[in-house]
Structure formats: structure tokens, C-alpha cells
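This report takes a short tour of one protein model. Keep the sequence and the structure in view while reading.

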Amino acid sequence: MRMELMEGVITPGELVAAMAAITGMAQPSIVVIDRAMAEARLRKSGGRGRSAAKMDSRDAAVLLTAVMVSGLGNVAESVSRISNTELVPTPFDAWPMISAAWTPDGASHPIVDLPDDHTLLDLLTSLIEAARRGDLLSRFDAVAEQVAAHLRASPEYDEYKVELEKEISFFGAGLNVAFEGDARARVMLKAGPAIHHTYGEHKAAPPSYIRQSRSAGIETILLIGQALSGRAIDAIDIEDASRAFLPPSEVLAG
């Protein structure tokens, strides 16, 4: 079941200003990108000034995606392409017993409880919505506690107690979304063990796309959720988010 979105309270212009502050991209550039999203009907539009359409988490996810893939040509086409990519089944890169503990019911994303056929835009929307509601970090904590409890109750616990407790001691919330052009995105979620998911093309992105790769972390998502609620963004938090949002030249796809 996809999360029901809260009604928006900020205008497109306010979202653009917040996105510029959070990502460090020049606001005039984001204005152009946002206009392209509206013209392509990829976000809500209508009205002017304070009567303008109010932006929700899906609109914010669209704009974040557009900022991520800007510079690849037609930004609306790029956003449409990457937003609709679906999860590519890949094995966990962790101990099998930790993998089973992470998703004991087979859910693709226990953090936001999405169905198997969800898209990358669904994931970003749900993460931003959870941040807006103020419970994103608690969702990570709940999954980490679930994983730890599952491991401690496992038959192998006594045999691997030292190794497992060391692993559990490093449990904590973490998120990284790396856009490799508009063809593929790599998502790392860490609530206990880190797991990695691929959306879009499973094969490696071409070199030109790797040079365009951008990455955003959990601080970016939290700040976007905060902005959607109409709350002021702390300057120190913005500095943290800017470190998580890296320009193409500083990010290489793995």
C-alpha cells in the first residue's frame, strides 16, 4: 500500500528556494528546471503567488530527481525515464542471516513498506513523506531493532555472538541515492546492515553518465521534508545536506 500524502502547504517558488538552499544549486537554474516540470505536467501547477498550487512530497521528489539528472539534455524526458524505473532484483551483499533478518516478510523496502512493483519515484516520494511526517528516522530505528532481535533469536547466535554483536553495535540510520544519469539509480539503505538496490538498467552506465552522477543522503531527504512542512531550515543542517549532495565531478558510480 502506497503512503497517503499530506496536502501541500508551500508554493512551487518556496519549494524551489528550499531546494536551492538544500542542494547548493543556483536558484535561477532550479527555477528553469521547475518550469520544465510544470510544462511537462510532471508536477502540479495552477494559480499564482500565494494562490499557486501547493507542493506535496511527490512534487518534491520530482524536483529533486530533476535537479539530480539536469545537464543530460531534455530534463523532462530524463525525469520521466528515471522516475519510472523499477527495482531490479539483486542479491543482498551481506551475511545471508542478516539479509533474512532485514526483510523477514520479503518486503522490498521495510522502511517505507512499498509493493514489489514500486518505482524509483514511489520510493523517493515515500521517503520524503516520512521525513515530512517526522518519523523517517524512527522507521530506520524500528527496522534496526527488528534486525537485532531477529539475529539474537537465531539458532546461529551463540556460535557467532561476538561477530553479530559487533555488527549490531554499528547499526544506525543511513541512506544514499546515487543517480547514474537518467538510466539507473543506486540506492543504499542502512538500518542495521546496509543493503543496496538498483533501479533501471542493471548493466553499468556509460562513462558519460557516470560523470553526471549525483548523490543525495538522508540529510537532504530530511530537510526537504522539513521544507514541505513550512518549517525554517537550520543553516547548520543545510551545510550537512550540501555535503551529502555532491556535484557530478565528485561522485563516481560504483
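How many salt bridges does the count come to? The count comes to nine salt bridges. The model is a predicted one.

## Salt bridge in a loop

Start with Asp 56 and Lys 44. Their side chains meet in a salt bridge, at 3.1 Å from N to O. Both residues lie in the loop between helix H2 (27-39) and helix H3 (57-69), so the pair ties together parts that are 12 residues apart in sequence.

Asp 56 has a relative accessible area of 14%. That value is under 20%, so Asp 56 is buried. Lys 44 is partly exposed, at 33% relative accessibility.

Helix H6 covers residues 120-133. Asp 122 lies in helix H6, and Arg 58 lies in helix H3. The side chains of Asp 122 and Arg 58 meet in a salt bridge of 3.5 Å, N to O. Because the two residues sit in these two helices, the pair ties together parts that are 64 residues apart in sequence. Asp 122 is buried, at 8% relative accessibility. Arg 58 counts as partly exposed, at 36%.

A further salt bridge joins the side chains of Glu 129 and Arg 133, with N to O at 3.0 Å. Both residues belong to helix H6. They are four residues apart, about one turn of the helix. Glu 129 is buried, with 0% relative accessibility. Arg 133 is partly exposed, with a relative accessible area of 41%. Elsewhere, salt bridges that share partners join Lys 44, Asp 56 and Asp 59 into one network.

## The sheet

What is the order of the strands in the open sheet? The order is E1-E4-E3-E2-E5, five strands with antiparallel pairing. Strand E1 (87-88) and strand E5 (214-217) are the edge strands, and each pairs on one side only.

Strands of a sheet pair through backbone hydrogen bonds. Take the pairs in turn. Two bridges join E1 to strand E4 (residues 194-200), and these strands run antiparallel. Here Leu 87 stands opposite Tyr 199 in E4. E3 and E4 pair over seven bridges, also in the antiparallel sense. Met 188 has His 196 in E4 as its bridge partner. The hairpin of E3 and E4 has two residues between the strands. In this hairpin, Gly 192 takes a positive phi near 105°.

## E2, E3 and a packed helix

Strand E2 (residues 173-180) and strand E3 (residues 184-191) run antiparallel and are joined by eight bridges. Val 177 has Val 187 in E3 as its bridge partner. Helix H7 (residues 136-152) packs on the sheet and touches E2 and E3. The direction of helix H7 makes about 65° with that of E3.

## The largest pocket

Rolling a probe the size of a water molecule over the atoms shows where empty space is left. The largest pocket holds about 200 Å³ of space. Pro 12, Gly 13, Val 16, Val 31, Asp 34, Arg 35, Ala 38, Arg 43, Ser 45, Gly 46, Gly 47 and Ala 52 line this pocket.

Which helix gives the largest share of the lining? H2 does, with four residues. Helix H1 (12-23) and H2 each supply at least two residues of the lining.

Terms used
Residues are numbered from 1 along each chain as its sequence is written. This is a predicted model: local features need pLDDT of at least 70, side-chain atom pairs count only at pLDDT 80 or more; totals for chains, interfaces and linings use all residues. Side-chain values use heavy atoms; hydrogens and water are left out. Two strands pair if DSSP finds at least two bridges between them. Contact means heavy atoms within 4.5 Å. Axes are lines fitted to C-alpha atoms, for helices over the stretch in contact, and angles run from 0 to 180 degrees between N-to-C directions. A salt bridge is a side-chain nitrogen of Lys or Arg within 4 Å of a carboxyl oxygen of Asp or Glu. Buried means under 20% relative accessible area, exposed over 50%, partly exposed in between (1.4 Å probe, protein chains only). On a 1 Å grid over the protein atoms alone, a cavity is a set of points where a 1.4 Å probe fits but cannot get out, and a pocket is an open set with protein on both sides within 12 Å along at least five of seven lines; lining residues have an atom within 4 Å of a point. Grid points are joined across faces, edges and corners, and a volume is the space filled by probe spheres set on the points.
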